[in-house]
Amino acid sequence: MKKYLLLPLIAAAAVSCATQELYLNVTQPAPVTIAPEIKTVGIIDRSTPTDQTKSLDALDKFLSLEGADLDSIGTLEAIKGVTQELSANDRFSEVKLLSGLKFKTSSLGGLPAPLTWEQVDGICRENGTQALFALELYDTDTRVNYSTAKTSIKTPLGNIPALEHNASMETLVKTGWRIYSPSDRAILDEHIVAESIVFSGHGINPVAAVAGMINRKDAVKEVSKKAGHVYAIRLIPYRLRVTRDYFVKGTDNFKVAKRRAQLGKWDEAAVLWEKETENPKMKVAGRAHYNMAIISEINGNLDDAVAWAQKAYSDFRNKQGLRYVRILENRKYNEDVLRYQEQR
């Protein structure tokens, strides 16, 4: 039984030794897709608690030692972060901050029920916008921990033993967002961004220790603004580093091609791989077809890459070819999404 268990491991090791890794930078579509015809958007804040949740919110603030205006200040900064990022993006011709609208939410700690489409239609029609970005949730939750440590205080009479009080405070800033598209009555995205900030202070008593945690409000403002920026860049494509394996063993041509590839001379390596696609040995020809798929992807020819990888698997039984076909098909789909997102 042990002999049979070792066979897959030996086969995997043989494939690993026959291949080498390369890295590619691939552009991925933005996590959020908005129709190209949407050019004017509005930003609203509906994170204010209703009367029903105000008492719970006030209790939470009391228990977590939050400042009375910390949430309202942070909300403004989060909205500012989204507004600045969207305004800097040439994707939209106009970004409107709809600050005159008053909304309240009946949910505490999670996203509330979405706006009705009648509400969304009315807001967009009255303000001349084609979509709405809504801050649906803003909450800060703070926990304080105390500890003591032995220390000494210098006095004219010498060092006096004392206890030093240490306090650490962690504040979790949570923002939740939705994007409404009234034309097709679709919620294009809903997403929560959470950031944590830790403060510490120390003193001769607990009050002095907490007082030592300065600039907390400024830090919450900065993180809230950053949360707005982080959310808005979900509309921007991003670069991703991916790995690919290519074959470096099989014939002398593979060995020479490996050295050329290591020097960045991929097209010269491809000339040698293409020669081996006619090799009478099925295993060698399959590896050559697979490598031709690799060079096609490097050169941006995804259709050719799929064709080579398919043939590597179907005609020459190269198992890596089947896995690579699936990777390439996914890349082709992402390329289609990317082209749609980049329409202007």
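Me: Is Thr129 buried or exposed?
Reply: Thr129 is buried, with a relative accessible area of 7%. Buried means under 20% relative accessible area, exposed over 50%, and partly exposed in between, with a 1.4 Å probe and protein chains only.

Me: What kind of model is this, and how are residues numbered?
Reply: This is a predicted model, where local features need pLDDT of at least 70, side-chain atom pairs count only at pLDDT 80 or more, and totals for chains, interfaces and linings use all residues. Residues are numbered from 1 along each chain as its sequence is written, and side-chain values use heavy atoms, with hydrogens and water left out.

Me: Where does Thr129 sit?
Reply: Thr129 is in the loop between α4 (117-127) and β4 (131-155). Helices (H or I, at least four residues) and strands (E, at least two) are DSSP runs, numbered from the N terminus.

Me: What is Thr129 in contact with, leaving aside neighbours within four places in sequence?
Reply: Thr40, Val41, Gly42, Lys96, Ile123 and Cys124. Contact means heavy atoms within 4.5 Å.

Me: Cys124, then. Buried or exposed?
Reply: Cys124 is buried, at 5% relative accessibility. Cys17 is exposed, at 54%.

Me: How many disulfides?
Reply: The count is 0. A disulfide is a pair of cysteine sulfur atoms within 2.5 Å.

Me: Zoom out. How many helices and strands in the protein chain?
Reply: There are 11 helices and 7 strands. Of the 344 residues, 42% are buried. Among contacts between residues at least 6 apart in sequence, 75% join residues at least 24 apart.

Me: Now Phe247. Which strand is it in?
Reply: Phe247 is in β7 (residues 238-247). Phe247 is buried, at 3% relative accessible area.

Me: How far is Phe247 from Thr19?
Reply: In sequence, 228 residues; in space, 4.3 Å, C-alpha to C-alpha. Beyond its neighbours within four places in sequence, Phe247 is in contact with residues including Thr19, Trp273, Tyr290 and Asn318.

Me: Asn318. What does it cap?
Reply: Asn318 caps the N-terminal end of α11. A side-chain oxygen of Asn318 lies 3.1 Å from the backbone nitrogen of Gln320.

Me: What span should α11 have?
Reply: Helix α11 (residues 319-341) has 23 residues and should span 33 Å at 1.5 Å a residue. Its end C-alpha atoms are 34 Å apart, which agrees. The expected span is 1.5 Å times one less than the number of residues.

Me: Which residues of α11 are buried?
Reply: Among them are Gly321, Tyr324, Val325, Leu328, Arg331 and Glu335. An α-helix has 3.6 residues a turn, so residues three or four places apart point the same way.

Me: What covers the buried residues of α11?
Reply: The cover includes β1 (19-28), β7, α9 (282-298) and α10 (302-314).

Me: Aromatics next. How many pairs?
Reply: There are 8 aromatic pairs. Rings of Phe, Tyr and Trp (its six-membered ring) pair if their centres lie within 6.5 Å; planes under 30 degrees apart count as stacked, over 60 as edge-to-face and the rest as tilted. The rings of Tyr246 and Trp273 have centres 5.9 Å apart and planes at 55°, so the pair is tilted. Tyr246 lies in β7 and Trp273 in α8 (residues 266-276), so this pair ties together parts that are 27 residues apart in sequence. Tyr246 is buried at 2%, and Trp273 is buried at 0%.

Me: What about Tyr290 and Tyr324?
Reply: Their ring centres are 5.3 Å apart and their planes at 45°, so that pair is tilted. Tyr290 is in α9 and Tyr324 in α11, 34 residues apart. Both Tyr290 and Tyr324 are buried.

Me: Which ring does Arg241 lie over?
Reply: Arg241 lies over the face of Tyr23, at 4.1 Å from the ring centre. A charge sits over a ring if NZ of Lys or CZ of Arg is within 6 Å of the ring centre and within 35 degrees of the ring normal.

Me: Switching to Asp189. Buried or exposed?
Reply: Asp189 is buried, at 9% relative accessibility. Asp189 is in strand β6 (residues 186-203).

Me: What does its side chain make a polar contact with?
Reply: The side chain of Arg234, at 3.0 Å. A polar contact is a pair of N or O atoms within 3.5 Å; within protein, one must be able to donate a hydrogen and the other to accept it, and residues adjacent in sequence count only if both atoms are side-chain atoms.

Me: Last one. What is the phi of Arg317?
Reply: Positive, about 60°, although Arg317 is not a glycine. Arg317 lies in the loop between α10 and α11 and is exposed, at 68%.
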